[in-house]
Amino acid sequence: MRSILTTLRPYWPYLLLWFGLNILQSLTTELLHDEAYYWVYANHLDWGYFDHPPAVAVLIRAGLWLPGELGVRLTTVLVSTGVLAFLFAWIKPRRPGLFFLFVASMMLFHIGGFVAVPDIPLLALTCGFLYLFQRYLREDSLGTALLLALICALLMYSKYHAAILLVFAIVPNLGALMRRRTFWLIPLVALVLFAPHLWWQWQHDFVTFRFHLFERGSRGFRWDYPLNYVLGQLLVYGPLMGFLVLASIRHWQIRDRFARTLAWVVMGVFGLFLLMSLRGRIEANWTALAFPALVWLSYPVIEGQDRLLRWLKILAIPSVVLIVIVRILFAVEVVTDSKFRETHGWKAWAASIQDAADGSTAIFRNSYQQAAKYMFYSGEPSFSMNGPNYRGNQFDLLPDLEVVLQGAPVTVFTSSFHDSLAVRFGDALDTGIETYHRQRFDAFNSFNQLEIRLVQVPETVRMGTTSSWRLEVLNPLDLPVVVPDQDVTRIMLWMRHTGERSESWQDLGPPGFERLEPGASHQREVQVVAPDPPGTYAFRLGVMWNLTGGKNTFLHHIEVVR
(Lines give C-alpha, C1' and ligand atoms only; values in the text may rest on other atoms or scores of the structure.)
Protein backbone atom coordinates (compact mmCIF):
# COMPACT_ATOMS: atom_id res chain seq x y z
CA MET A 1 0.00 0.00 0.00
CA ARG A 2 2.83 2.39 0.88
CA SER A 3 4.45 1.85 -2.54
CA ILE A 4 1.15 2.62 -4.27
CA LEU A 5 0.75 5.85 -2.30
CA THR A 6 4.34 6.79 -3.13
CA THR A 7 3.74 6.16 -6.84
CA LEU A 8 0.60 8.32 -6.78
CA ARG A 9 2.14 11.15 -4.74
CA PRO A 10 2.73 13.49 -7.74
CA TYR A 11 -0.88 13.01 -8.83
CA TRP A 12 -2.78 13.61 -5.56
CA PRO A 13 -3.84 17.20 -6.40
CA TYR A 14 -5.53 16.02 -9.61
CA LEU A 15 -7.19 13.06 -7.90
CA LEU A 16 -8.55 15.26 -5.10
CA LEU A 17 -9.79 17.82 -7.63
CA TRP A 18 -11.55 15.08 -9.60
CA PHE A 19 -13.08 13.53 -6.49
CA GLY A 20 -14.33 16.88 -5.16
CA LEU A 21 -15.79 17.93 -8.51
CA ASN A 22 -17.83 14.72 -8.78
CA ILE A 23 -19.00 14.85 -5.17
CA LEU A 24 -20.26 18.39 -5.82
CA GLN A 25 -21.95 17.27 -9.05
CA SER A 26 -23.61 14.36 -7.25
CA LEU A 27 -25.00 16.65 -4.56
CA THR A 28 -26.42 19.23 -7.01
CA THR A 29 -27.77 17.03 -9.82
CA GLU A 30 -30.97 14.98 -9.68
CA LEU A 31 -30.86 11.38 -10.84
CA LEU A 32 -30.97 10.48 -14.50
CA HIS A 33 -33.78 8.09 -15.42
CA ASP A 34 -31.52 5.04 -15.66
CA GLU A 35 -29.86 5.82 -12.33
CA ALA A 36 -33.23 5.69 -10.59
CA TYR A 37 -33.96 2.41 -12.37
CA TYR A 38 -30.66 0.90 -11.19
CA TRP A 39 -31.45 2.17 -7.69
CA VAL A 40 -34.48 -0.16 -7.84
CA TYR A 41 -32.02 -2.94 -8.69
CA ALA A 42 -29.98 -2.06 -5.62
CA ASN A 43 -33.02 -2.39 -3.38
CA HIS A 44 -33.66 -5.92 -4.66
CA LEU A 45 -30.22 -7.54 -4.77
CA ASP A 46 -30.06 -10.66 -6.92
CA TRP A 47 -27.65 -12.57 -9.15
CA GLY A 48 -29.16 -10.99 -12.23
CA TYR A 49 -31.62 -8.43 -13.57
CA PHE A 50 -33.79 -8.07 -16.63
CA ASP A 51 -31.42 -5.77 -18.52
CA HIS A 52 -27.99 -6.32 -16.95
CA PRO A 53 -25.83 -8.44 -14.68
CA PRO A 54 -25.73 -7.38 -11.02
CA ALA A 55 -22.50 -5.33 -10.61
CA VAL A 56 -24.22 -1.93 -10.89
CA ALA A 57 -26.73 -2.92 -8.21
CA VAL A 58 -23.98 -3.98 -5.81
CA LEU A 59 -22.05 -0.79 -6.52
CA ILE A 60 -25.05 1.43 -5.77
CA ARG A 61 -26.11 -0.61 -2.73
CA ALA A 62 -22.68 -0.07 -1.16
CA GLY A 63 -23.33 3.67 -0.97
CA LEU A 64 -26.94 3.71 0.18
CA TRP A 65 -25.94 4.32 3.80
CA LEU A 66 -25.84 7.94 2.62
CA PRO A 67 -29.18 9.61 1.72
CA GLY A 68 -30.22 11.14 -1.58
CA GLU A 69 -28.41 11.28 -4.89
CA LEU A 70 -24.98 11.16 -3.24
CA GLY A 71 -25.78 7.75 -1.77
CA VAL A 72 -26.61 6.41 -5.24
CA ARG A 73 -23.45 7.89 -6.77
CA LEU A 74 -20.85 7.68 -4.00
CA THR A 75 -19.23 4.44 -5.09
CA THR A 76 -19.26 5.59 -8.73
CA VAL A 77 -17.28 8.70 -7.72
CA LEU A 78 -14.82 6.55 -5.77
CA VAL A 79 -14.42 4.07 -8.64
CA SER A 80 -13.93 6.79 -11.27
CA THR A 81 -11.27 8.39 -9.06
CA GLY A 82 -9.63 4.98 -8.79
CA VAL A 83 -9.66 4.65 -12.59
CA LEU A 84 -7.94 8.02 -12.92
CA ALA A 85 -5.34 7.00 -10.33
CA PHE A 86 -4.74 3.76 -12.22
CA LEU A 87 -4.23 5.59 -15.52
CA PHE A 88 -1.71 7.91 -13.90
CA ALA A 89 0.25 5.03 -12.35
CA TRP A 90 -0.01 2.84 -15.48
CA ILE A 91 0.99 5.40 -18.10
CA LYS A 92 3.33 7.49 -15.89
CA PRO A 93 2.99 10.72 -17.89
CA ARG A 94 5.96 13.07 -17.87
CA ARG A 95 3.57 16.02 -17.57
CA PRO A 96 0.79 15.07 -15.11
CA GLY A 97 -1.06 18.35 -15.59
CA LEU A 98 -1.29 17.88 -19.35
CA PHE A 99 -2.35 14.26 -18.91
CA PHE A 100 -5.13 15.34 -16.55
CA LEU A 101 -6.25 17.95 -19.11
CA PHE A 102 -6.18 15.23 -21.78
CA VAL A 103 -8.56 12.85 -20.00
CA ALA A 104 -10.60 15.76 -18.59
CA SER A 105 -11.20 16.93 -22.17
CA MET A 106 -13.29 13.82 -22.91
CA MET A 107 -17.01 13.93 -22.20
CA LEU A 108 -17.12 10.17 -21.59
CA PHE A 109 -14.85 10.40 -18.57
CA HIS A 110 -16.86 13.26 -17.06
CA ILE A 111 -20.20 11.46 -17.37
CA GLY A 112 -18.54 8.33 -16.01
CA GLY A 113 -17.22 10.37 -13.12
CA PHE A 114 -20.53 10.50 -11.27
CA VAL A 115 -23.38 8.78 -13.17
CA ALA A 116 -24.21 5.41 -11.58
CA VAL A 117 -24.53 3.10 -14.60
CA PRO A 118 -23.07 -0.33 -15.51
CA ASP A 119 -20.31 1.23 -17.64
CA ILE A 120 -18.46 2.38 -14.50
CA PRO A 121 -17.67 -1.06 -13.01
CA LEU A 122 -17.00 -2.23 -16.58
CA LEU A 123 -14.45 0.56 -17.07
CA ALA A 124 -12.69 -0.11 -13.75
CA LEU A 125 -12.53 -3.86 -14.32
CA THR A 126 -11.25 -3.29 -17.88
CA CYS A 127 -8.31 -1.42 -16.32
CA GLY A 128 -7.69 -4.34 -13.97
CA PHE A 129 -7.91 -6.86 -16.81
CA LEU A 130 -5.46 -4.99 -19.05
CA TYR A 131 -2.96 -4.59 -16.22
CA LEU A 132 -3.06 -8.30 -15.37
CA PHE A 133 -3.05 -9.35 -19.02
CA GLN A 134 0.08 -7.27 -19.59
CA ARG A 135 1.76 -9.17 -16.73
CA TYR A 136 0.50 -12.51 -18.03
CA LEU A 137 1.86 -11.88 -21.53
CA ARG A 138 5.31 -11.20 -20.03
CA GLU A 139 5.33 -14.18 -17.67
CA ASP A 140 3.33 -17.41 -17.42
CA SER A 141 2.15 -17.34 -13.80
CA LEU A 142 -0.50 -19.43 -12.06
CA GLY A 143 -1.30 -16.62 -9.65
CA THR A 144 -1.80 -14.10 -12.46
CA ALA A 145 -3.93 -16.61 -14.37
CA LEU A 146 -6.22 -17.09 -11.38
CA LEU A 147 -6.51 -13.32 -10.89
CA LEU A 148 -7.38 -12.99 -14.59
CA ALA A 149 -10.09 -15.61 -14.16
CA LEU A 150 -11.55 -13.58 -11.29
CA ILE A 151 -11.41 -10.34 -13.31
CA CYS A 152 -13.00 -12.02 -16.35
CA ALA A 153 -15.91 -13.22 -14.22
CA LEU A 154 -16.33 -9.79 -12.63
CA LEU A 155 -16.22 -8.18 -16.08
CA MET A 156 -19.14 -10.35 -17.19
CA TYR A 157 -20.96 -9.50 -13.95
CA SER A 158 -20.64 -5.83 -14.90
CA LYS A 159 -21.86 -5.84 -18.50
CA TYR A 160 -22.09 -8.41 -21.28
CA HIS A 161 -20.10 -6.09 -23.56
CA ALA A 162 -17.08 -7.32 -21.64
CA ALA A 163 -17.08 -10.38 -23.92
CA ILE A 164 -15.97 -8.09 -26.77
CA LEU A 165 -12.94 -6.98 -24.76
CA LEU A 166 -12.01 -10.57 -23.92
CA VAL A 167 -12.29 -11.74 -27.53
CA PHE A 168 -10.19 -8.95 -29.03
CA ALA A 169 -7.56 -9.27 -26.30
CA ILE A 170 -7.16 -13.03 -26.68
CA VAL A 171 -7.42 -13.48 -30.49
CA PRO A 172 -4.09 -11.81 -31.44
CA ASN A 173 -2.33 -13.89 -28.76
CA LEU A 174 -4.29 -17.12 -29.11
CA GLY A 175 -1.47 -19.29 -30.48
CA ALA A 176 0.95 -18.44 -27.69
CA LEU A 177 -1.69 -18.59 -24.96
CA MET A 178 -3.01 -22.01 -25.96
CA ARG A 179 0.44 -23.51 -25.32
CA ARG A 180 0.25 -22.48 -21.65
CA ARG A 181 -1.40 -24.89 -19.23
CA THR A 182 -2.38 -22.04 -16.93
CA PHE A 183 -4.34 -20.38 -19.74
CA TRP A 184 -6.97 -23.14 -19.74
CA LEU A 185 -7.67 -22.47 -16.08
CA ILE A 186 -8.82 -18.91 -16.86
CA PRO A 187 -12.08 -19.73 -18.72
CA LEU A 188 -12.76 -22.72 -16.46
CA VAL A 189 -12.45 -20.80 -13.19
CA ALA A 190 -14.22 -17.75 -14.66
CA LEU A 191 -17.14 -19.96 -15.73
CA VAL A 192 -17.42 -21.44 -12.23
CA LEU A 193 -17.44 -17.94 -10.72
CA PHE A 194 -20.03 -16.77 -13.25
CA ALA A 195 -22.25 -19.83 -12.71
CA PRO A 196 -24.62 -18.16 -10.18
CA HIS A 197 -25.64 -15.63 -12.81
CA LEU A 198 -26.11 -18.33 -15.45
CA TRP A 199 -28.28 -20.28 -12.96
CA TRP A 200 -30.34 -17.13 -12.40
CA GLN A 201 -30.80 -16.83 -16.18
CA TRP A 202 -31.91 -20.48 -16.35
CA GLN A 203 -34.49 -19.86 -13.63
CA HIS A 204 -35.83 -16.84 -15.53
CA ASP A 205 -35.92 -18.43 -19.02
CA PHE A 206 -32.76 -16.55 -20.08
CA VAL A 207 -34.82 -13.37 -20.07
CA THR A 208 -31.83 -11.01 -20.44
CA PHE A 209 -30.42 -12.81 -23.46
CA ARG A 210 -33.87 -13.04 -25.06
CA PHE A 211 -34.33 -9.32 -24.62
CA HIS A 212 -30.96 -8.19 -25.96
CA LEU A 213 -30.70 -10.71 -28.78
CA PHE A 214 -34.29 -10.94 -29.99
CA GLU A 215 -36.61 -8.32 -28.51
CA ARG A 216 -34.38 -5.29 -29.07
CA GLY A 217 -33.40 -6.84 -32.36
CA SER A 218 -32.14 -5.26 -35.56
CA ARG A 219 -34.23 -2.51 -37.11
CA GLY A 220 -32.78 -2.55 -40.63
CA PHE A 221 -30.42 -0.11 -42.27
CA ARG A 222 -30.88 3.63 -41.90
CA TRP A 223 -28.25 6.20 -42.85
CA ASP A 224 -28.65 8.05 -39.58
CA TYR A 225 -27.62 4.99 -37.50
CA PRO A 226 -23.93 4.83 -38.60
CA LEU A 227 -23.79 8.63 -38.93
CA ASN A 228 -25.05 9.14 -35.37
CA TYR A 229 -22.63 6.47 -34.16
CA VAL A 230 -19.60 8.22 -35.66
CA LEU A 231 -20.71 11.66 -34.46
CA GLY A 232 -21.50 10.23 -31.03
CA GLN A 233 -18.00 8.80 -30.70
CA LEU A 234 -16.40 12.12 -31.63
CA LEU A 235 -18.63 13.77 -29.02
CA VAL A 236 -18.06 11.40 -26.09
CA TYR A 237 -14.32 11.28 -26.76
CA GLY A 238 -14.36 15.05 -27.30
CA PRO A 239 -16.08 17.39 -27.98
CA LEU A 240 -12.74 18.50 -29.48
CA MET A 241 -10.17 16.02 -28.19
CA GLY A 242 -11.66 13.20 -30.27
CA PHE A 243 -10.13 14.71 -33.42
CA LEU A 244 -6.67 14.81 -31.81
CA VAL A 245 -6.97 11.19 -30.69
CA LEU A 246 -7.96 10.29 -34.25
CA ALA A 247 -4.88 12.10 -35.59
CA SER A 248 -2.61 10.18 -33.20
CA ILE A 249 -3.61 6.74 -34.49
CA ARG A 250 -1.08 6.61 -37.34
CA HIS A 251 1.73 7.35 -34.84
CA TRP A 252 0.87 4.60 -32.35
CA GLN A 253 3.95 2.71 -31.13
CA ILE A 254 3.12 -1.00 -31.68
CA ARG A 255 6.42 -2.45 -30.48
CA ASP A 256 5.36 -5.46 -28.41
CA ARG A 257 2.56 -7.99 -28.00
CA PHE A 258 0.73 -5.92 -25.41
CA ALA A 259 0.64 -2.77 -27.56
CA ARG A 260 -0.64 -4.91 -30.43
CA THR A 261 -3.30 -6.31 -28.09
CA LEU A 262 -4.45 -2.82 -27.15
CA ALA A 263 -4.65 -1.85 -30.82
CA TRP A 264 -6.79 -4.92 -31.46
CA VAL A 265 -9.07 -3.97 -28.57
CA VAL A 266 -9.53 -0.38 -29.76
CA MET A 267 -10.01 -1.20 -33.43
CA GLY A 268 -12.13 -4.24 -32.64
CA VAL A 269 -14.51 -2.40 -30.30
CA PHE A 270 -15.03 0.61 -32.56
CA GLY A 271 -15.16 -1.51 -35.72
CA LEU A 272 -17.63 -4.03 -34.34
CA PHE A 273 -20.03 -1.35 -33.13
CA LEU A 274 -19.71 0.44 -36.48
CA LEU A 275 -20.83 -2.76 -38.21
CA MET A 276 -23.67 -3.16 -35.73
CA SER A 277 -24.77 0.43 -36.44
CA LEU A 278 -25.66 -0.68 -39.97
CA ARG A 279 -28.55 -2.67 -38.47
CA GLY A 280 -29.66 -0.58 -35.50
CA ARG A 281 -29.02 2.28 -33.09
CA ILE A 282 -25.82 2.12 -31.03
CA GLU A 283 -25.53 4.00 -27.75
CA ALA A 284 -22.47 6.27 -27.69
CA ASN A 285 -21.28 4.94 -24.31
CA TRP A 286 -21.08 1.33 -25.48
CA THR A 287 -17.46 1.83 -26.58
CA ALA A 288 -16.38 2.83 -23.04
CA LEU A 289 -14.45 -0.43 -22.57
CA ALA A 290 -11.97 0.80 -25.23
CA PHE A 291 -11.19 3.97 -23.23
CA PRO A 292 -8.19 2.72 -21.16
CA ALA A 293 -6.49 1.14 -24.21
CA LEU A 294 -7.15 4.25 -26.29
CA VAL A 295 -5.58 6.52 -23.65
CA TRP A 296 -2.57 4.18 -23.22
CA LEU A 297 -1.87 4.20 -26.97
CA SER A 298 -2.68 7.84 -27.76
CA TYR A 299 -1.37 9.97 -24.91
CA PRO A 300 2.36 8.98 -25.07
CA VAL A 301 2.28 9.69 -28.82
CA ILE A 302 0.69 13.11 -28.27
CA GLU A 303 3.08 13.95 -25.45
CA GLY A 304 6.09 12.91 -27.54
CA GLN A 305 5.29 14.86 -30.72
CA ASP A 306 5.60 18.65 -30.70
CA ARG A 307 2.85 19.22 -33.27
CA LEU A 308 0.31 17.00 -31.48
CA LEU A 309 1.36 18.39 -28.10
CA ARG A 310 0.74 21.91 -29.37
CA TRP A 311 -2.74 20.93 -30.48
CA LEU A 312 -3.39 19.33 -27.10
CA LYS A 313 -2.63 22.64 -25.42
CA ILE A 314 -4.86 24.49 -27.91
CA LEU A 315 -7.85 22.13 -27.65
CA ALA A 316 -7.77 21.12 -23.98
CA ILE A 317 -8.91 24.36 -22.34
CA PRO A 318 -11.92 25.06 -24.63
CA SER A 319 -12.89 21.37 -24.36
CA VAL A 320 -12.85 21.51 -20.56
CA VAL A 321 -14.80 24.79 -20.59
CA LEU A 322 -17.49 23.29 -22.84
CA ILE A 323 -17.74 20.19 -20.64
CA VAL A 324 -17.96 22.28 -17.46
CA ILE A 325 -20.84 24.21 -19.06
CA VAL A 326 -22.58 20.89 -19.76
CA ARG A 327 -22.02 19.87 -16.13
CA ILE A 328 -23.56 23.14 -14.95
CA LEU A 329 -26.58 22.61 -17.22
CA PHE A 330 -27.12 19.20 -15.62
CA ALA A 331 -27.03 20.77 -12.16
CA VAL A 332 -28.83 24.09 -12.75
CA GLU A 333 -32.07 24.42 -14.74
CA VAL A 334 -31.13 26.91 -17.43
CA VAL A 335 -32.30 25.05 -20.55
CA THR A 336 -35.75 23.42 -20.62
CA ASP A 337 -37.31 20.91 -23.02
CA SER A 338 -33.97 19.20 -23.63
CA LYS A 339 -31.88 16.27 -22.46
CA PHE A 340 -30.93 18.34 -19.41
CA ARG A 341 -34.56 18.25 -18.26
CA GLU A 342 -33.89 14.68 -17.17
CA THR A 343 -32.14 16.05 -14.07
CA HIS A 344 -34.49 18.93 -13.19
CA GLY A 345 -37.87 19.22 -11.53
CA TRP A 346 -38.41 15.60 -10.53
CA LYS A 347 -38.79 16.28 -6.82
CA ALA A 348 -41.69 18.65 -7.58
CA TRP A 349 -42.99 16.19 -10.18
CA ALA A 350 -43.09 13.38 -7.60
CA ALA A 351 -44.93 15.66 -5.15
CA SER A 352 -47.61 16.47 -7.77
CA ILE A 353 -48.07 12.78 -8.59
CA GLN A 354 -48.33 11.97 -4.89
CA ASP A 355 -51.00 14.66 -4.40
CA ALA A 356 -52.94 13.39 -7.42
CA ALA A 357 -52.81 9.80 -6.11
CA ASP A 358 -54.53 11.07 -2.93
CA GLY A 359 -53.48 8.27 -0.61
CA SER A 360 -53.55 5.50 -3.19
CA THR A 361 -50.50 3.82 -4.74
CA ALA A 362 -49.32 5.58 -7.91
CA ILE A 363 -48.47 3.14 -10.69
CA PHE A 364 -47.34 3.95 -14.22
CA ARG A 365 -48.33 2.28 -17.45
CA ASN A 366 -45.36 1.50 -19.66
CA SER A 367 -42.79 3.66 -17.87
CA TYR A 368 -40.32 1.81 -15.68
CA GLN A 369 -38.03 4.84 -15.41
CA GLN A 370 -40.78 7.11 -14.10
CA ALA A 371 -41.98 4.48 -11.65
CA ALA A 372 -38.41 4.28 -10.35
CA LYS A 373 -38.06 8.05 -10.11
CA TYR A 374 -41.34 8.35 -8.26
CA MET A 375 -40.22 5.72 -5.75
CA PHE A 376 -36.92 7.51 -5.19
CA TYR A 377 -38.22 11.07 -4.84
CA SER A 378 -41.49 10.38 -3.07
CA GLY A 379 -40.33 7.58 -0.78
CA GLU A 380 -43.60 5.78 -1.65
CA PRO A 381 -44.00 2.37 -3.32
CA SER A 382 -44.86 2.33 -7.00
CA PHE A 383 -44.89 -0.04 -9.96
CA SER A 384 -44.58 -0.05 -13.74
CA MET A 385 -47.51 -1.97 -15.19
CA ASN A 386 -46.15 -3.08 -18.56
CA GLY A 387 -48.47 -3.79 -21.45
CA PRO A 388 -47.75 -5.99 -24.47
CA ASN A 389 -46.79 -2.89 -26.50
CA TYR A 390 -43.91 -2.04 -24.16
CA ARG A 391 -40.39 -3.37 -23.71
CA GLY A 392 -39.69 -5.71 -20.83
CA ASN A 393 -37.93 -4.45 -17.71
CA GLN A 394 -37.10 -5.35 -14.12
CA PHE A 395 -40.63 -4.69 -12.87
CA ASP A 396 -41.68 -7.80 -14.80
CA LEU A 397 -39.48 -9.78 -12.40
CA LEU A 398 -40.74 -8.26 -9.15
CA PRO A 399 -43.92 -10.24 -8.43
CA ASP A 400 -43.84 -9.33 -4.72
CA LEU A 401 -44.34 -5.65 -5.59
CA GLU A 402 -47.27 -6.50 -7.86
CA VAL A 403 -48.96 -8.96 -5.47
CA VAL A 404 -49.43 -6.32 -2.76
CA LEU A 405 -51.37 -4.14 -5.23
CA GLN A 406 -54.16 -6.71 -5.66
CA GLY A 407 -57.41 -5.38 -4.25
CA ALA A 408 -55.71 -2.17 -3.09
CA PRO A 409 -56.59 1.41 -4.10
CA VAL A 410 -54.30 2.65 -6.90
CA THR A 411 -54.14 5.51 -9.37
CA VAL A 412 -52.84 4.59 -12.82
CA PHE A 413 -50.86 7.27 -14.67
CA THR A 414 -50.18 6.99 -18.38
CA SER A 415 -49.09 9.34 -21.14
CA SER A 416 -49.43 9.22 -24.91
CA PHE A 417 -45.63 9.38 -25.18
CA HIS A 418 -45.31 5.99 -23.47
CA ASP A 419 -48.60 4.35 -24.41
CA SER A 420 -50.87 4.49 -27.46
CA LEU A 421 -53.85 3.59 -25.25
CA ALA A 422 -53.43 6.67 -23.01
CA VAL A 423 -56.36 8.57 -24.48
CA ARG A 424 -58.73 5.86 -23.25
CA PHE A 425 -57.96 6.74 -19.65
CA GLY A 426 -59.56 9.36 -17.44
CA ASP A 427 -58.84 13.01 -16.74
CA ALA A 428 -55.57 14.73 -17.59
CA LEU A 429 -52.93 15.91 -15.12
CA ASP A 430 -50.20 18.39 -16.10
CA THR A 431 -47.17 17.90 -13.83
CA GLY A 432 -45.02 20.54 -15.52
CA ILE A 433 -42.81 17.80 -16.99
CA GLU A 434 -45.40 15.62 -18.66
CA THR A 435 -49.18 15.43 -19.03
CA TYR A 436 -50.72 12.19 -17.82
CA HIS A 437 -54.11 10.58 -18.16
CA ARG A 438 -55.03 9.10 -14.80
CA GLN A 439 -57.62 6.70 -13.54
CA ARG A 440 -58.30 5.65 -9.96
CA PHE A 441 -59.32 2.12 -8.97
CA ASP A 442 -60.49 1.36 -5.45
CA ALA A 443 -59.72 -2.34 -5.83
CA PHE A 444 -56.99 -2.97 -8.39
CA ASN A 445 -56.28 -6.21 -10.23
CA SER A 446 -53.45 -7.23 -12.54
CA PHE A 447 -52.27 -10.45 -14.14
CA ASN A 448 -48.78 -9.75 -15.46
CA GLN A 449 -47.30 -12.68 -13.56
CA LEU A 450 -49.38 -15.20 -15.50
CA GLU A 451 -47.67 -16.91 -18.44
CA ILE A 452 -49.33 -17.43 -21.82
CA ARG A 453 -47.85 -20.23 -23.90
CA LEU A 454 -48.50 -20.65 -27.59
CA VAL A 455 -49.71 -24.24 -27.96
CA GLN A 456 -50.78 -24.03 -31.59
CA VAL A 457 -50.21 -20.87 -33.63
CA PRO A 458 -49.73 -20.73 -37.42
CA GLU A 459 -46.41 -19.41 -38.74
CA THR A 460 -48.04 -17.83 -41.80
CA VAL A 461 -51.54 -16.42 -42.29
CA ARG A 462 -53.32 -14.71 -45.15
CA MET A 463 -54.20 -11.05 -44.85
CA GLY A 464 -57.77 -10.48 -43.62
CA THR A 465 -58.46 -14.15 -42.83
CA THR A 466 -59.38 -15.58 -39.41
CA SER A 467 -57.27 -18.33 -37.86
CA SER A 468 -57.63 -20.35 -34.66
CA TRP A 469 -54.88 -20.09 -32.04
CA ARG A 470 -54.65 -22.43 -29.05
CA LEU A 471 -53.25 -20.79 -25.94
CA GLU A 472 -52.34 -22.05 -22.48
CA VAL A 473 -52.50 -19.71 -19.48
CA LEU A 474 -50.23 -20.88 -16.62
CA ASN A 475 -50.05 -19.65 -13.02
CA PRO A 476 -46.37 -19.84 -11.89
CA LEU A 477 -47.06 -18.13 -8.55
CA ASP A 478 -47.37 -19.75 -5.13
CA LEU A 479 -50.79 -18.10 -4.75
CA PRO A 480 -54.04 -18.72 -6.62
CA VAL A 481 -55.05 -16.16 -9.25
CA VAL A 482 -58.67 -14.99 -9.15
CA VAL A 483 -60.38 -13.20 -12.04
CA PRO A 484 -63.18 -11.13 -10.43
CA ASP A 485 -64.72 -9.72 -13.60
CA GLN A 486 -64.53 -11.38 -17.03
CA ASP A 487 -66.02 -8.30 -18.73
CA VAL A 488 -63.03 -6.05 -17.99
CA THR A 489 -60.37 -8.80 -17.92
CA ARG A 490 -59.48 -9.61 -21.50
CA ILE A 491 -56.78 -11.42 -23.43
CA MET A 492 -55.41 -8.75 -25.76
CA LEU A 493 -53.23 -9.28 -28.82
CA TRP A 494 -50.83 -6.51 -29.79
CA MET A 495 -49.19 -6.64 -33.23
CA ARG A 496 -46.61 -4.39 -34.85
CA HIS A 497 -45.59 -4.40 -38.51
CA THR A 498 -41.79 -4.64 -38.36
CA GLY A 499 -41.34 -2.71 -41.59
CA GLU A 500 -43.89 0.10 -41.30
CA ARG A 501 -43.79 0.23 -37.46
CA SER A 502 -47.61 0.45 -37.37
CA GLU A 503 -49.43 -1.35 -34.55
CA SER A 504 -52.88 -2.83 -33.96
CA TRP A 505 -54.86 -4.40 -31.10
CA GLN A 506 -57.35 -7.28 -30.98
CA ASP A 507 -59.61 -8.29 -28.10
CA LEU A 508 -59.52 -12.11 -27.96
CA GLY A 509 -62.08 -12.43 -25.18
CA PRO A 510 -61.93 -13.22 -21.44
CA PRO A 511 -59.41 -15.65 -19.93
CA GLY A 512 -62.16 -18.22 -19.50
CA PHE A 513 -61.45 -19.14 -15.88
CA GLU A 514 -62.42 -17.60 -12.56
CA ARG A 515 -59.66 -19.12 -10.43
CA LEU A 516 -56.32 -20.67 -11.31
CA GLU A 517 -54.48 -22.58 -8.59
CA PRO A 518 -50.67 -22.39 -8.15
CA GLY A 519 -48.97 -24.34 -10.93
CA ALA A 520 -52.28 -24.96 -12.73
CA SER A 521 -52.97 -24.03 -16.36
CA HIS A 522 -55.98 -23.40 -18.56
CA GLN A 523 -56.15 -23.89 -22.34
CA ARG A 524 -58.50 -22.05 -24.66
CA GLU A 525 -58.91 -21.38 -28.35
CA VAL A 526 -59.12 -17.84 -29.72
CA GLN A 527 -59.91 -16.40 -33.14
CA VAL A 528 -57.38 -14.00 -34.65
CA VAL A 529 -57.91 -11.81 -37.72
CA ALA A 530 -54.74 -11.34 -39.79
CA PRO A 531 -53.90 -7.64 -40.15
CA ASP A 532 -53.30 -5.50 -43.24
CA PRO A 533 -50.82 -4.88 -44.91
CA PRO A 534 -48.81 -8.07 -45.47
CA GLY A 535 -45.35 -8.48 -43.99
CA THR A 536 -43.64 -9.69 -40.82
CA TYR A 537 -45.41 -8.79 -37.57
CA ALA A 538 -44.07 -8.88 -34.03
CA PHE A 539 -46.72 -9.71 -31.43
CA ARG A 540 -47.34 -10.27 -27.76
CA LEU A 541 -50.33 -11.45 -25.77
CA GLY A 542 -51.47 -10.07 -22.46
CA VAL A 543 -54.19 -10.53 -19.87
CA MET A 544 -55.31 -6.93 -19.40
CA TRP A 545 -57.58 -5.59 -16.67
CA ASN A 546 -59.30 -2.32 -17.58
CA LEU A 547 -56.62 -1.89 -20.29
CA THR A 548 -53.91 -2.01 -17.63
CA GLY A 549 -50.99 -4.43 -17.57
CA GLY A 550 -50.96 -7.50 -19.72
CA LYS A 551 -47.51 -8.52 -21.00
CA ASN A 552 -47.62 -12.28 -20.58
CA THR A 553 -45.48 -13.59 -23.46
CA PHE A 554 -42.11 -12.94 -24.98
CA LEU A 555 -42.02 -11.24 -28.36
CA HIS A 556 -43.03 -13.58 -31.20
CA HIS A 557 -43.30 -13.14 -34.96
CA ILE A 558 -45.79 -14.17 -37.61
CA GLU A 559 -45.79 -13.74 -41.39
CA VAL A 560 -48.84 -12.22 -43.10
CA VAL A 561 -49.12 -12.87 -46.83
CA ARG A 562 -51.60 -11.79 -49.51
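What is the relative accessible area of P399? P399 comes out at 25%, which makes this residue partly exposed (buried is under 20% relative accessible area, exposed is over 50%, and partly exposed is in between, using a 1.4 Å probe and protein chains only). Before the close-ups, a quick word on what you're looking at: this is a predicted model, in which local features need pLDDT of at least 70, side-chain atom pairs count only at pLDDT 80 or more, and totals for chains, interfaces and linings use all residues. Residues are numbered from 1 along each chain as its sequence is written, and side-chain values use heavy atoms, with hydrogens and water left out.

**View 1. P399 in helix 21.** Here P399 sits in helix 21, which covers residues 399–403 (helices are DSSP runs of H or I with at least four residues, strands are runs of E with at least two, and both are numbered from the N terminus). Skipping residues up to four places away in sequence, P399 touches Q449 and L477 (a contact means heavy atoms within 4.5 Å). Look for T208 too: P399 and T208 are 191 residues apart in sequence, with 17 Å between their C-alpha atoms.

**View 2. Helix 15 against helix 18.** Two packed helices are described by the angle between their axes and the distance between the axes. For helix 15 (241–248) and helix 18 (306–331), the angle is about 160 degrees and the axes are 9 Å apart (axes are lines fitted to C-alpha atoms, for helices over the stretch in contact, and angles run from 0 to 180 degrees between N-to-C directions). Helix 15 and helix 18 are therefore roughly antiparallel (under 35 degrees counts as roughly parallel, over 145 as roughly antiparallel, 65 to 115 as roughly perpendicular, and the rest as oblique). M241, L244, A247 and S248 of helix 15 meet L308, W311, L312, L315, A316 and S319 of helix 18. Sorted by class, that's 8 nonpolar, 2 polar and no charged residues (Ala, Val, Leu, Ile, Met, Phe, Trp, Tyr, Cys and Pro count as nonpolar, Asp, Glu, Lys and Arg as charged, and the others, Gly among them, as polar).

**View 3. Helix 15 again, now with helix 17.** Helix 15 and helix 17 (residues 291–304) pack at about 80 degrees, with their axes 9 Å apart. That makes helix 15 roughly perpendicular to helix 17. On the helix 15 side you'll find L244, V245 and S248, which meet L294, S298, V301 and I302 of helix 17. This contact has 5 nonpolar, 2 polar and no charged residues.

**View 4. H251, in the loop between helix 15 and helix 16.** H251 is buried, at 15% relative accessible area. Its side chain makes a polar contact of 3.3 Å with the side chain of Q305 (a polar contact is a pair of N or O atoms within 3.5 Å; within protein, one must be able to donate a hydrogen and the other to accept it, and residues adjacent in sequence count only if both atoms are side-chain atoms). Leaving out neighbours within four places in sequence, H251 is in contact with V301, Q305, R307 and L308.

**View 5. S384 in strand 2.** S384 belongs to strand 2, residues 382–385, and is buried at 1% relative accessible area. A polar atom of the S384 side chain lies 3.5 Å from the backbone nitrogen of S367. The backbone nitrogen of Y368 lies 3.4 Å from a polar atom of that S384 side chain. Among the residues that S384 touches are F364, N393 and F395.

**View 6. W494 in strand 10.** At 2% relative accessibility, W494 counts as buried. S504 is 10 residues from W494 along the chain, and their C-alpha atoms are 5.9 Å apart. The contacts of W494 also include P388, W505 and L555.

View 7. Most residues other than glycine have a negative phi, and most peptide bonds are trans. G238 and P239 are joined by a cis peptide bond, with omega about 25 degrees; P239 is in the loop between helix 14 (224–236) and helix 15. Another cis bond joins D532 and P533, with omega about 10 degrees. K92 isn't a glycine, yet has a positive phi of about 50 degrees; at 55% relative accessibility, K92 counts as exposed. L547 also has a positive phi, near 60 degrees, and is partly exposed at 24%.
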